[in-house]
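Subject: Structure handover and notes

Dear colleague,

I am passing on the structure below, together with some notes for a first reading. Please keep it open beside this message as you go through them.

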Amino acid sequence: MAGSEEKETRIRLPQLRLDELLEELQARLDAARGTRDRVHSLLEAVLSVGRELDLAQALRRIVEAAAVLVDAEYAALGVIGPDGRRLSAFHTVGVTEEQIAEIGPFPEGHGILGELIRHPQALRLPKLSQHPASYGFPAHHPPMNTFLGVPIRVRDQIFGNLYLTEKRGGAEFDEEDESVLSTLAVAAGVAIDNARLYEDSRLRERWLQANAEITHSLMSGSDHTAVLGLIAERAREITGAALAVVAIPMEDTGALTVELAIGAEADRHRRLVLPVEGSLVGEAFSTAAPVTSGDVSRDDRASTGPKRFIGLGPAVAVPIGTAEGVRGVVLLVREAGQTAFTGKEIEPLRGFAAQAAVAMELAERRRDAEEIAVLKDRDRIARDLHDLAIQRLFATGMTLQSAGRFIEHPEAGERVVRAVDDLDETIKIIRSTIFGLRARESGRGSGLRARAVRTAGDAAPVLGFAPSVRMEGLLDTHVPREVADQVVAVLSEALTNVCRHAQADRVDVVLETDGREVRLTVTDNGVGIPPEGRRSGLRNMAERAEQLGGSLEWQAATDSGGTRLQWRVPLPEE
């Protein structure tokens with residue numbers, strides 16, 4: 001009996017060892033198979049990410065691949081902003097749009113997220129809340145405990161970080177997860193670099209196409225305003241701006257006028273007159289260099305006068321031209337909350353504006369040549385009229401005067417005298433025409449527009465600020481000199497009254513004409529006109545209007561105070 005029991009024991013022991021070995025072998029085979037599958041998944045993820053050339057889509061694929069590879073419930077990719085301290089963009093997986101709306105704005109890089117920005121190396125945590133840099137979560141944020149983060153490098157710079165939380169099954173992220181994610185981050189850096197290069201090439205192509213379109217438009221004889229509109233529209237489209245404004249210098253005034261505005265709040269900008277000193281656009285014009293603003297709605301260089309940048313934020317003003325000659329400034333403004341204009345964006349924009357200026361220069365040279373040809377033709381006509389027509393008319397008149405002595409019939413004699421008088425009058429008309437053909441604009445800067453801007457500028461030192469000036473219509477063409485003199489006098493008187501009595505910190509001047517009348521409106525936010533008080537200034541302005549058949553009206557600008565004064569007179573029919 002004892003021998004048989006011993007034999008059975010010997011048989012069972014080897015069998016047990018064999019089972020253990022088989023189980024161990026199976027476990028290793030499973031592990032090898034799992035490793036093989038994971039390597040395949042990693043290779044597929046690398047290929048998938050590498051195929052994408054659109055940057056936004058590439059970032060989305062990177063986040064999705066990271067979540068699948070380490071079996072994480074939540075994944076995010078934070079893009080580090082230009083300052084190197086905050087996140088400028090955030091791409092997530094696992095959080096719904098409804099949850100995002102409830103949580104609020106995307107994180108900027110505090111707490112654990114900021115830890116990876118400050119120390120760009122892999123970070124693996126079994127519990128987020130136990131880390132010293134833990135910042136907590138906002139309301140409505142889903143609970144997160146386990147954490148794995150790795151940086152993404154593009155060449156020698158940190159582009160952003162991958163953040164993975166909540167490994168499925170309640171497990172912790174291990175070294176293999178970290179190794180797989182780090183490998184993906186390397187591939188992601190290459191994919192991002194390729195997408196950036198592709199994006200840059202596409203952007204350069206768009207700028208080149210825009211330059212070619214503008215050059216063709218100018219060389220084909222398009223209207224100057226239409227070309228400026230094309231410059232503004234293409235710059236706005238390519239940079240993703242919400243508003244584009246083009247300002248050009250006003251002759252002999254030291255100011256800029258907004259020639260056109262396209263996009264959000266455009267109506268608030270058209271025909272505004274902006275000072276060179278102290279304005280965002282003026283700074284770009286005077287320095288012949290781009291000028292940026294992180295938030296134009298709060299920038300003192302752009303927020304003076306009426307509110308014009310509601311809902312807008314980052315801005316850049318770029319000169320059209322070079323230091324040798326600036327022809328204007330294009331101002332581009334993005335919506336509030338969008339990214340600021342970077343040097344990488346501004347450089348091609350600056351080149352675009354310089355090329356546009358060259359095209360404008362060539363077009364002007366062509367127009368000058370055409371104008372010179374016209375002037376030469378006028379001079380030839382004037383010479384011919386003077387040397388031929390007038391001399392022949394004069395000779396004919398002398399002949400008639402001589403012949404008149406021999407005419408005995410009284411009525412016939414009177415007719416000859418009238419004919420001689422008519423010839424004298426014709427000679428005067430021709431001489432006046434000659435003078436008109438030869439006369440050129442000698443009084444540059446003497447138009448109503450320039451005089452009104454100078455008057456407003458002269459009042460600025462006394463007011464303590466520059467008045468906002470807006471002009472509409474053909475003021476220099478439709479308004480005759482005698483009416484223009486009265487307009488300037490009334491504007492000067494109105495601004496003087498504001499200086500003396502209004503205690504205002506803002507004045508808006510609007511000067512406009514529709515060809516039938518000219519209207520001057522001056523609005524301030526001061527204390528208003530008291531019921532009793534001296535009205536000599538108002539009486540003078542009213543008398544000037546009445547002399548020209550017009551009128552003067554004034555009223556409270558708003559319920560809270562201020563004065564709105566409107567002076568209007570009809571224009572003589574041509």
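Predicted model: local features only at pLDDT ≥ 70, side-chain atom pairs only at ≥ 80, totals over all residues.

Residues are numbered from 1 along each chain as its sequence is written, and side-chain values use heavy atoms, with hydrogens and water left out.

I begin with the cores. A nonpolar core is here a set of buried Ala, Val, Leu, Ile, Met, Phe, Trp, Tyr and Cys residues joined through side-chain atoms within 4.5 Å, where buried means under 20% relative accessible area, exposed over 50%, and partly exposed in between, with a 1.4 Å probe and protein chains only. The largest such core has 40 residues, and those with the most contacts inside it are Leu511, Val518 and Trp567. The elements that give it two or more residues are α10, β12 (468–472), α12, β13 (507–513), β14 (517–524), α13 (536–547) and β16 (561–570); helices (H or I, at least four residues) and strands (E, at least two) are DSSP runs, numbered from the N terminus. Helix α12 gives the most to this core, with 10 residues. Apart from it lies another core, of 29 residues, which includes Ala67, Leu69, Leu162 and Val180.

Residues up to four places away in sequence aside, Trp567 touches a set of residues that includes Val487, Val490, Val518, Leu520, Met541 and Leu548, a contact being heavy atoms within 4.5 Å.

Next comes the helix pair. The axes of α12 and α13 come within 10 Å and cross at roughly 165 degrees, the axes being lines fitted to C-alpha atoms, for helices over the stretch in contact, with angles that run from 0 to 180 degrees between N-to-C directions. The two helices α12 and α13 are therefore roughly antiparallel to each other (over 145 degrees; under 35 is roughly parallel, 65 to 115 roughly perpendicular and the rest oblique). Their contact is made by Gln486, Ala489, Val490, Glu493, Ala494 and Asn497 of α12 and by Gly537, Leu538, Asn540, Met541 and Arg544 of α13.

In strand β14 one finds Val522, which is buried, with a relative accessible area of 3%. With neighbours within four places in sequence left aside, the contacts of Val522 include Leu491, Ala494, Val507, Val509 and Leu565. The C-alpha atoms of Val522 and Ser468, 54 residues apart along the chain, are separated by 9.7 Å.

Last come the salt bridges, each a side-chain nitrogen of Lys or Arg within 4 Å of a carboxyl oxygen of Asp or Glu. By this rule the count comes to 19 salt bridges. One of them joins the side chains of Arg451 and Asp485 (2.8 Å, N to O); Arg451 lies in helix α10 (residues 448–463) and Asp485 in helix α12 (residues 481–502), so the pair ties together parts that are 34 residues apart in sequence. Arg451 is buried, at 16% relative accessible area, whereas Asp485 is partly exposed, at 30%. Asp485 also meets Arg481 in a salt bridge (3.6 Å, N to O).

Elsewhere, Glu517 forms a salt bridge with Arg519, with the closest N and O atoms 2.9 Å apart, and both of these residues are buried. Glu512, Asp514, Arg516, Glu517, Arg519 and Arg568 are linked in a network of salt bridges.

With best wishes
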